[in-house]
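Student: I would like to go through this model step by step. Can we start once it is on the screen?

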Amino acid sequence: MSSTTSRELVLVTGANGFIAARAIEAFLQAGYNVRGTVRSQKSGIAIQEVLKEYVDSGRFSVVLVPDITQVGAFDDAVKGCHAIAHLAAPVSLSFKDPVPVLHGAIVGTQTLLNSALAHGNNLKSVVLMSSIVAIINPNAPPPPGSVPHVLSEADWNTTSEDAVSKLGGNAASIDIYAASKTAAEKTFWKFRDEKKPGFTMSAVNPSLVGGPPLIMPEKAEGINETVIHIWTILSGAEMPPTMGTGTMVDVRDVGRLLVFCVKENEKANGQRYLAASAMGTNEAVADILKENYPDRKDVIMGGEDKVWEDKDFDISGGLDVSKAVAAMGRPFIGFKESVLDAAKSFEQYL
């Protein structure tokens, strides 16, 4: 894949997102050309600016898909593509109304797959950005006395869709998000079973995604909500509660897994990849930042060395991520490295 015209083309939907931006970078660095979809001209500006070198060389372009749920929305976007990484979906940890969230996730996936089947004449693979919440039951702890179960790609969330169905807008926001990701992934695999497309299909299921953003917002308030806690702690503001269990994965590793699913599409066909590297609380983040920013030691909130003595942040007792590690051919980026790389990118806001 030497010249621009001979390089294989990957479509990345939702190109302006936190994960999508790093995914696009990973595909470009792996030698692919990339076409990204965005909802508006304005939302596509930042990703084109940060990847200007690739835009100028003709290796990265952006197309408009204003409504991913509209029939035929991706018909033109998929044409000529070698692979698709589908990341466009409603994402928030504070959803209130499940109806538009579920509609966007499910119908957006159906629309993309229908376009891929009808117009992806050269298409070899489609990869879905799913989530760990399609594997775990995030709002349903195991019953007391139950035998600990190490979760893997074989597991599914069995509670969130029912909770949202029963409670509607009164459901917990995490259950609304989890129900949308679970339903979208089920839609994805149902399509594979029923349509038996000529392209391979695989899914990546990351935990909370951290690490340094590729696109830096003008103001700190615009930092992605899954990593803004690192800025909040670094800035000296009141420490926010740890999200969920604090299980995380670096955004750059998510990009590596997406590239694997395209490069090794036959190996990845029909597979899910659970991506999680470590489990660490916000107290641990504070300890790491105090150690590495001694001039801010008295500014950063939190007690002295409350949890930093546990430096491995091991998740092996709860999650089996061996399949993803084998796919990448390297260990996940560690908790400390991910925190510090994100913090370094946020220094501009101090």
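Tutor: A definition comes first: helices (H or I, at least four residues) and strands (E, at least two) are DSSP runs, numbered from the N terminus. Residues are numbered from 1 along each chain as its sequence is written, and side-chain values use heavy atoms, with hydrogens and water left out. This is a predicted model, in which local features need pLDDT of at least 70, side-chain atom pairs count only at pLDDT 80 or more, and totals for chains, interfaces and linings use all residues.

Student: In which strand is Pro 206 found?
Tutor: Look at the strand that covers residues 200-206. Pro 206 belongs to that run. The strand is E6.

Student: Is Pro 206 buried or exposed?
Tutor: Buried means under 20% relative accessible area, exposed means over 50%, and partly exposed lies in between (1.4 Å probe, protein chains only). Pro 206 has a relative accessible area of 4%. Therefore Pro 206 is buried.

Student: Which residues does Pro 206 touch, not counting those up to four places away in sequence?
Tutor: Contact means heavy atoms within 4.5 Å. With residues up to four places away left out, Pro 206 touches Met 129, Ser 130, Ser 131, Ile 132, Val 249, Val 254 and Ala 275.

Student: How far apart in space are Pro 206 and Glu 221?
Tutor: In sequence they are 15 residues apart. The spatial value runs from C-alpha to C-alpha. That distance is 24 Å.

Student: What is the strand order in the open sheet?
Tutor: Two strands pair if DSSP finds at least two bridges between them. The sheet has 7 strands, and the pairing is parallel. The order is E3-E2-E1-E4-E5-E6-E9.

Student: How many bridges join E4 to E5?
Tutor: E5 spans residues 125-129 and runs parallel to E4. Ala 85 stands opposite Val 127 in E5. On another pairing, E1 (residues 9-12) and E4 share 3 bridges, also in the parallel sense, with Ala 85 as the partner of Val 12. For E4 and E5, the number is 4.

Student: Which residues of E4 point the other way from Ala 83 and Ala 85?
Tutor: E4 covers residues 83-86, and its side chains point two ways. All four are buried. Opposite Ala 83 and Ala 85 are Ile 84 and His 86.

Student: At what angle to E5 does H8 run?
Tutor: H8 lies across E1, E4, E5, E6 and E9. Helix H4 (residues 98-119) lies across E4, E5 and E6, at about 175° to E4. For H8 and E5, the angle is about 155°.

Student: How many salt bridges does the count come to?
Tutor: A salt bridge is a side-chain nitrogen of Lys or Arg within 4 Å of a carboxyl oxygen of Asp or Glu. By this rule the count is 10.

Student: With which residue does Arg 272 form a salt bridge?
Tutor: The closest N and O atoms are 2.6 Å apart. The pair links distant parts of the chain, 87 residues apart, from strand E9 (residues 272-275) to helix H6 (residues 173-195).

Student: In which helix do Asp 253 and Arg 256 both lie?
Tutor: Their side chains meet in a salt bridge of 2.6 Å, N to O. Asp 253 is buried at 0%, whereas Arg 256 is partly exposed at 31%. They sit 3 residues apart, about one turn of the helix, in H8 (residues 251-263).

Student: At roughly what angle do the axes of H10 and H12 cross?
Tutor: H10 covers residues 282-292 and H12 residues 335-346, and their axes come within 10 Å. Contacts include Ala 284, Val 285 and Ile 288 in H10, and Phe 335 and Val 339 among those in H12. The crossing angle is roughly 65°.

Notes:
Axes are lines fitted to C-alpha atoms, for helices over the stretch in contact, and angles run from 0 to 180 degrees between N-to-C directions.
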